[in-house]
Amino acid sequence: MSPFESSDAVVAGNVLAYGATSGEVFARGVVGERCAVRNSGAVVVTEGVGDHCCEYMTGGRVVVLGEIGRNFGAGMSGGIAYVHDPLDVLARRCNLDTIELERLDLDDDEWLSSIVTRFAAETGSVLAAQLASSWRDARSSFVAIVPLGWRDATAPIEPTGHLVGAHA
């Protein structure tokens, strides 16, 4: 057994899930710079990331349970990232030119709770297990990072009952 916590250990180098199009990556520990850059469809869960995470991301979902580096989300145009931010430092480490920070909505909450619980079970992450066991309190410290206009662009279209181009 290791004498240190996984959330303090670097377990993967730079560019983990770079250009990923699908699948899942569960990294129990911290990963290096440029995690999930150009991610277009994968789910990535880590206990911490270096600089430039989610840069130019176009799809997929990323969950960071620990600290993040600088320039998070630069050029992000799709997908959603979730960061556990109990110390309220996220806004200072993000590139807010193309993203916005939001509180979790009901769909986010259900999906995120499920993936954190699964991450804890599959990796043995103590950090994830603590968050999952106290989800009611922990959820308020999570922030959703979404590209500007993403929620509007992906919202279901409400039927109007009118056919486009139909004449009366």
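In this predicted model, strand S3 makes the largest contribution to the lining of the largest pocket, giving 3 residues. The protein as a whole has 5 helices and 7 strands, which, when read along the sequence, follow the pattern β-β-β-β-β-α-β-α-α-α-β-α. Of its 168 residues, 45% count as buried.

**The largest pocket**

- The volume of the largest pocket is about 340 Å³, and of the 18 residues in its lining, those closest to the centre are Leu 65, Gly 66, Glu 67, Ile 68 and His 84.
- Two or more lining residues are given by each of three elements, namely strand S3 (40-49), strand S5 (78-84) and helix H1 (90-93).
- Sorted by class, the lining of the largest pocket is made up of 10 nonpolar, 4 polar and 4 charged residues.

**Overall surface and contacts**

- The accessible surface of the protein is about 9,000 Å², and carbon and sulfur atoms hold 52% of that area.

**Helix H3 and its cover**

- Helix H3 (126-133) has Leu 127, Ala 128 and Leu 131 as its buried residues; because they cover an arc of only 95° around the axis, they lie on the same side of H3.
- The cover over these buried residues of H3 includes the strands S3 and S5, the helix H2, helix H4 (135-138) and strand S7 (142-147).

- Gly 124 is placed in the loop that runs between helix H2 (106-123) and helix H3 (126-133), and it counts as partly exposed because its relative accessibility is 38%.
- When neighbours within four places in sequence are left aside, the residues in contact with Gly 124 are Arg 28 and Phe 119.
- Gly 124 and Arg 28 are 96 residues apart in sequence, while the distance between them in space is 7.9 Å, taken from C-alpha to C-alpha.

- Ser 141 belongs to the loop between H4 and S7, and its relative accessibility of 19% is under the 20% limit, so Ser 141 counts as buried.
- Apart from neighbours within four places in sequence, Ser 141 is in contact with Val 83, His 84, Asp 85 and Pro 86; of these, His 84 is also listed among the residues closest to the centre of the largest pocket.

- Ala 36 sits in the loop between strand S2 (24-31) and S3, and with a relative accessible area of 0% it is buried.
- Once neighbours within four places in sequence are set aside, the residues in contact with Ala 36 are Leu 16, Ala 17, Val 44, Cys 54, Glu 55, Met 57 and Val 62.
- Between the C-alpha atoms of Ala 36 and Thr 58, which are 22 residues apart along the chain, the separation is 9.9 Å.

Definitions and conventions:
Residues numbered from 1 in each chain as written. Predicted model: local features only at pLDDT ≥ 70, side-chain atom pairs only at ≥ 80, totals over all residues. Heavy atoms only, no water. Helix = DSSP H or I, 4+ residues; strand = E, 2+ residues; numbered from the N terminus. Buried < 20%, exposed > 50% of the residue type's maximum accessible area, 1.4 Å probe, protein only. Contact = heavy atoms within 4.5 Å. 1 Å grid on protein atoms, 1.4 Å probe; cavity = no way out; pocket = protein on both sides within 12 Å on 5 of 7 lines; lining within 4 Å. Points joined across faces, edges and corners; volume = space filled by probe spheres on them. Nonpolar A, V, L, I, M, F, W, Y, C, P; charged D, E, K, R; others polar. Areas by Shrake-Rupley, 256 points an atom, 1.4 Å probe, with all protein chains shown as cover. Arc of directions from axis to C-beta.
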